[in-house]
Amino acid sequence: MASPNDRKYTKEHEWVLLDGDVGTVGITDYAQDQLGDIVFVELPAPGTAVTYMQKFGEIESVKAVSELFSPVTGEVLERNDGLNDNPQWVNDSPYEDGWMLKVRIADPAEVDALMVSAEYETFLETAG
Amino acid sequence: MSDAGTLLRTPLYNEHLKLGARMVPFAGWEMPVQYTGVIEEHNAVRRAAGMFDVSHMGRYEVHGPDAARSMRYICTWDMTRLELGEGHYAAACNEAGGILDDVYVFCLDPERYLIVVNASNAPKMKRWMEEHISKFNATLVDRHESTAMIAVQGPQAIEKMGGEFVRSIKARRCAETDWRGYRLFASRTGYTGEDGLEFVIDAVAGPDFWQELLEAGVVPVGLGARDTLRLEAALLLYGNDMDEDTNPFEVGLDWVVTLHDGEDFLGRTALQELRGAELSRKLTCLRALDRGVMRHGHQIRFEGEEVGTVASGTFSPTLNVSIGMGFVPESLSAEGTKFEIDVRGRPLPVEVVPRPFYKRPKKSK
């Protein structure tokens with residue numbers, strides 16, 4: 001699955017899709033493939049503050065649990081509660097149905113520093 | 001034994017690469033943890049037929065007039081009772097009654113037995129058996145690297161494999177035959193809670209045998225699903241559920257300790273004393289009552305107080321909830337007792353359930 005070029009990426013394999021000052025956050029196809037079958041996703045409730053590069057939640061596969069690091073600083077507006085009963089959406093549709101949070105971003109310029117899809121693809125080739 | 005950093009490869013290694021398996025180190029071997037996905041592979045075994053490369057497990061034959069007696073001496077169960085073509089599960093203990101390994105022994109001939117041990121304990125058990133079998137008129141023959149072993153498991157396993165040989169083997173029985181000029185061993189045993197056979201074949205014939213099973217529609221399954229399957233069936237994993245500081249009675253292995261034949265065996269004196277004595281801890285089946293996954297090492301709390309630890313834990317694809325086995329005081333091991341597991345600082349409520357978590361449906365004849 002190629003990384004969509006409408007969004008930005010982090011080295012922690014997360015993406016941010018910006019719409020004004022609201023960013024939708026999720027993990028990449030590479031990340032879901034590495035994690036394996038997801039069984040639980042632990043996300044912060046609306047109203048919670050998130051900070052760039054700090055842990056905001058956990059994602060658990062059959063074999064192991066991994067931390068989720070926020071690619072942005074701001075306040076959680078919405079959480080994808082559909083993942084409670086359907087954690088497999090993260091595996092099956094990491095860029096669409098598997099979205100995790102919608103965040104009101106304090107400083108949208110912060111997202112400029114993240115990688116575009118071509119940079120992220122290069123990053124995967126060299127790091128993987 | 002591999003030197004530091006070099007992993008051993010089974011005769012089927014290239015088959016796993018061809019199938020795009022994700023390889024991981026396990027007990028000194030490079031093994032497939034998954035091919036397509038743990039849950040998909042798990043379900044293939046529960047619903048159809050899956051196969052595991054278990055060549056990494058230790059395989060040794062014991063030859064000689066005292067083969068049966070030497071096996072009885074190594075194991076807690078009286079292996080002299082085995083009929084021709086019969087097998088049985090047992091523990092092998094040290095003189096303190098601590099479990100060195102859990103094993104399976106088969107009687108191939110009156111003077112030829114096969115013992116299968118865990119991959120993680122193969123070097124230890126080989127040395128242990130060589131030392132003790134030397135006291136008998138019997139010899140140990142190492143068949144580990146000269147053979148491949150494949151476990152085919154699932155409700156459709158027998159049907160997909162077909163043939164008179166496959167259909168003729170009854171539960172816990174084994175037989176040998178010829179396959180394209182190679183000796184093939186098969187036993188109606190397994191580690192998943194499903195029906196099926198486990199095969200041992202000469203290493204050089206392993207890949208072709210694996211191919212034939214693939215063509216019969218058997219799905220390759222990795223170690224990830226092997227663990228979720230065995231835990232649903234409440235089967236033990238050495239290293240997680242027991243070690244040399246565990247005795248058979250603490251982990252529900254009372255049924256593989258036979259003392260009434262009066263014959264001496266390694267650990268007998270200690271086990272004689274331990275049997276009937278109060279257990280300081282008991283391995284108990286736990287099922288989660290909320291979201292979250294219990295895992296090895298997590299603390300178990302009863303009414304706020306730490307009372308034990310999780311030995312094995314995972315997410316059960318069949319039950320869609322976390323399951324595990326943990327050590328708790330015997331007085332708290334009754335069905336329905338509720339605990340809290342400390343999962344990375346968050347409490348996960350669980351309750352004691354009877355074993356196994358999953359039992360395969362009875363076959364209608």
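This report walks through a few local features of a predicted model.

## Ground rules

In this predicted model, local features need pLDDT of at least 70 and side-chain atom pairs count only at pLDDT 80 or more, while totals for chains, interfaces and linings use all residues. Residues are numbered from 1 along each chain as its sequence is written, chains are lettered from A and ligands numbered from 1 in the order in which they are written, and side-chain values use heavy atoms, with hydrogens and water left out.

## The loop between α8 and α9 of chain B

Let's start with B:Asp264, which sits in the loop between α8 (223-232) and α9 (268-274) of chain B; helices (H or I, at least four residues) and strands (E, at least two) are DSSP runs, numbered from the N terminus. B:Asp264 counts as partly exposed because its relative accessibility is 48%; here buried means under 20% relative accessible area, exposed over 50%, and partly exposed in between (1.4 Å probe, protein chains only). Together with B:Glu95, B:Glu131 and B:Glu263, B:Asp264 forms a negative surface patch, where a patch takes residues with over 30% relative accessible area and no salt bridge, joining like charges within 9 Å and nonpolar side chains (Val, Leu, Ile, Met, Phe, Trp, Tyr) within 5 Å. A salt bridge is a side-chain nitrogen of Lys or Arg within 4 Å of a carboxyl oxygen of Asp or Glu.

B:Thr258 belongs to the loop between α8 and α9 of chain B as well, and at 6% relative accessibility B:Thr258 is buried. Beyond neighbours within four places in sequence, B:Thr258 has contacts with B:Arg72, B:Thr76, B:Trp77, B:Asp78, B:Arg81 and B:Phe265 (heavy atoms within 4.5 Å). B:Trp77 is 181 residues away from B:Thr258 in sequence, yet their C-alpha atoms are 5.1 Å apart.

## An enclosed helix

Helix α2 (residues 38-47) of chain B is largely enclosed by the rest of the structure, because seven of its 10 residues are buried. Among them are B:Val38, B:His42 and B:Val45. The buried residues of α2(B) pack against β2, β3 (50-53), β9 (147-153), β13 (219-220) and α8 of chain B.

## Backbone points to check

Most residues other than glycine have a negative phi, and most peptide bonds are trans. A:His13, in the loop between β1 (8-9) and β2 (14-19) of chain A, has a positive phi near 65 degrees and is buried at 17% relative accessibility. B:Ala27, in the loop between β1 (22-26) and β2 (29-34) of chain B, has a positive phi near 50 degrees and is partly exposed at 33%.

A cis peptide bond joins B:Arg355 and B:Pro356, with omega about 0 degrees. B:Pro356 is in the segment after β19 (346-352) of chain B.

Technical notes:
Accessible areas come from the Shrake-Rupley method with a 1.4 Å probe; for residues, only the protein chains shown count as cover. Lys and Arg count as positive and Asp and Glu as negative; His and the chain ends are not counted. The place of a charge is taken as NZ of Lys, CZ of Arg, CG of Asp or CD of Glu.
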